[in-house]
Amino acid sequence: MEFGLGALAAVGATFFTNPIEVLKTRFQLQGELQQRGQYGVHYRNILHAGYVIVKTEGLHGLQKGLVPSLGHQILMNGVRLGGFNYLAEEKKLNLRSNGEISFLRTAAIGAVTGVVSAYTGSPFYLVKVRMQAQTTEAIAVGTQHKVGGTADALRQIWRNEGITGLWRGSNGSAPRLAVASAFQLSTFSLSKEYIAKNKYYPIEYGLLNSFLASFLGGLVIAVTMNPFDVISTRLYNQGVDAHGRGLIYSSYFDCVSKMWKTERFSGYYKGIVPGFLRIGPHTMLSLIFWDKLKDLRRKYFSKDSQY
């Protein structure tokens, strides 16, 4: 039940935010390991990027990678949100002895469930990144993998890289989701508790409470996660040699080092605008859907329910 609620909430949000995810991926790959001014700028800003993609690929270009994105959300957020709900709300492991929410305990639970979910959702995230990066040569950024769809991409990876290839890049996704989940879920939980306790509006735990708490969670996560997100995208999208070794980066820290030498600090914040515009609404929609689905479960399926 917890897995299903978390997965359903994330899937609902993804339909609305996947186009911005496509823009974010393109920005993160643009100018890979090149200094400013030494590469062609296909996407000048978020509006220009949207215009270029629609002009070149059609409206459906903005929904590239939607199928693997949905698969990723089911396997990732089902585990992450479901696991967090079980450990924090069912087992109360995030509470102090006085019953108040502990930031450190909540962040720790969020980080642990985030790391686990990074591995459960990794194969679909790999396919999602490669499909969202794929485009015509005129506006291409990053490595182009030439896949015909989700099933074809999975077959290619299995055939060329073996089963372990499906988890290529997961070492970049684990720290990304550990940081994101820790900050997102701790900020969301503490904000909800604070707003409810101080009675800023009549209903203790309602839709406005969820909206405000999830907005703060989205703002915090956008700033803290972006460097990890860029590194993760680069690791997932790079090509591999006949032995399954990365053609551009040999490891997570090799990616960090090479980016610093060529792109400096700003390289880690490529795609921050679409990143925030995506993670803000996605966080709000996911957590609001999650809260409302939990309310429905308590109403209709709890032991005390009269239905």
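Predicted model: local features only at pLDDT ≥ 70, side-chain atom pairs only at ≥ 80, totals over all residues.

User: What percentage of the residues of the protein chain count as buried?
Analyst: Buried means under 20% relative accessible area. The protein chain has 307 residues. The buried part of them is 54%.

User: Among contacts with a separation of 6 or more, what percentage is due to residues 24 or more positions apart?
Analyst: Here a contact means heavy atoms within 4.5 Å. Take the contacts in the protein chain with a separation of 6 or more. Residues 24 or more positions apart account for 77%.

User: How far apart are the end C-alpha atoms of helix α4, and what span should its residues give?
Analyst: Helix α4 covers residues 103-120, which is 18 residues. The expected span is 1.5 Å times one less than the number of residues, so the step is counted between residues. That gives 26 Å for α4, and the end C-alpha atoms agree with it, being apart by 26 Å.

User: Which residues of α4 are buried?
Analyst: An α-helix has 3.6 residues a turn, so residues three or four places apart point the same way. With that in mind, look at the buried list of α4. The residues are Thr106, Ala107, Ile109, Gly110, Thr113, Gly114, Ser117 and Ala118.

User: Which element gives the most to the largest nonpolar core?
Analyst: The largest nonpolar core has 12 residues, including Val22, Phe27, Tyr43, Val52 and Val141. Two elements give two or more residues to this core: α1 (2-29) and α2 (46-57). The most, 4 residues, comes from α1.

User: Which residues does Tyr43 touch, leaving out residues up to four places away in sequence?
Analyst: Tyr43 belongs to the largest nonpolar core. Its contacts include Phe27, Ala49, Val52, Ile53, Ile139 and Val141, which are also listed in that core.

User: Is Glu21 buried or exposed?
Analyst: Glu21 is found in helix α1. Its relative accessible area is 4%. The cut-off for buried is under 20%. Therefore Glu21 is buried.

User: Which residues does Glu21 touch, not counting residues up to four places away in sequence?
Analyst: Distance in sequence and distance in space need separate looks. Glu21 and Leu62 are 41 residues apart in sequence, yet 8.7 Å apart in space, C-alpha to C-alpha. The contacts of Glu21 are with Tyr125, Lys128, Gln132 and Arg278.

User: Is Leu33 buried, partly exposed or exposed?
Analyst: Leu33 sits in the loop between α1 and α2. Its phi is near 55°, a positive value in a residue other than glycine. Its relative accessibility is 23%, so Leu33 counts as partly exposed.

User: Is Lys146 buried or exposed?
Analyst: Lys146 lies in the loop between α5 (122-133) and α6 (150-161). It has a positive phi of about 55°, although it is not a glycine. At 57% relative accessibility, Lys146 counts as exposed.

User: Which helix gives the most to the lining of the second largest pocket?
Analyst: This pocket has a volume of about 380 Å³. Its lining has 22 residues, with Phe27, Arg36, Tyr39, Lys270 and Gly271 nearest the centre. Both α9 (252-267) and α10 (272-301) supply at least two lining residues. The most, 5 residues, comes from α9.

User: How many nonpolar, polar and charged residues are in the lining of the second largest cavity?
Analyst: The second largest cavity holds about 60 Å³ of space. Its lining is Lys24, Ala222, Met225, Asn226, Asp229, Gly275, Arg278 and Ile279. The largest share, 4 residues, comes from α8. By class, the lining has 3 nonpolar, 2 polar and 3 charged residues.

Definitions and conventions:
Residues numbered from 1 in each chain as written. Heavy atoms only, no water. 1 Å grid on protein atoms, 1.4 Å probe; cavity = no way out; pocket = protein on both sides within 12 Å on 5 of 7 lines; lining within 4 Å. Points joined across faces, edges and corners; volume = space filled by probe spheres on them. Nonpolar A, V, L, I, M, F, W, Y, C, P; charged D, E, K, R; others polar. Core = buried A, V, L, I, M, F, W, Y, C linked by side-chain atoms within 4.5 Å. Buried < 20%, exposed > 50% of the residue type's maximum accessible area, 1.4 Å probe, protein only.
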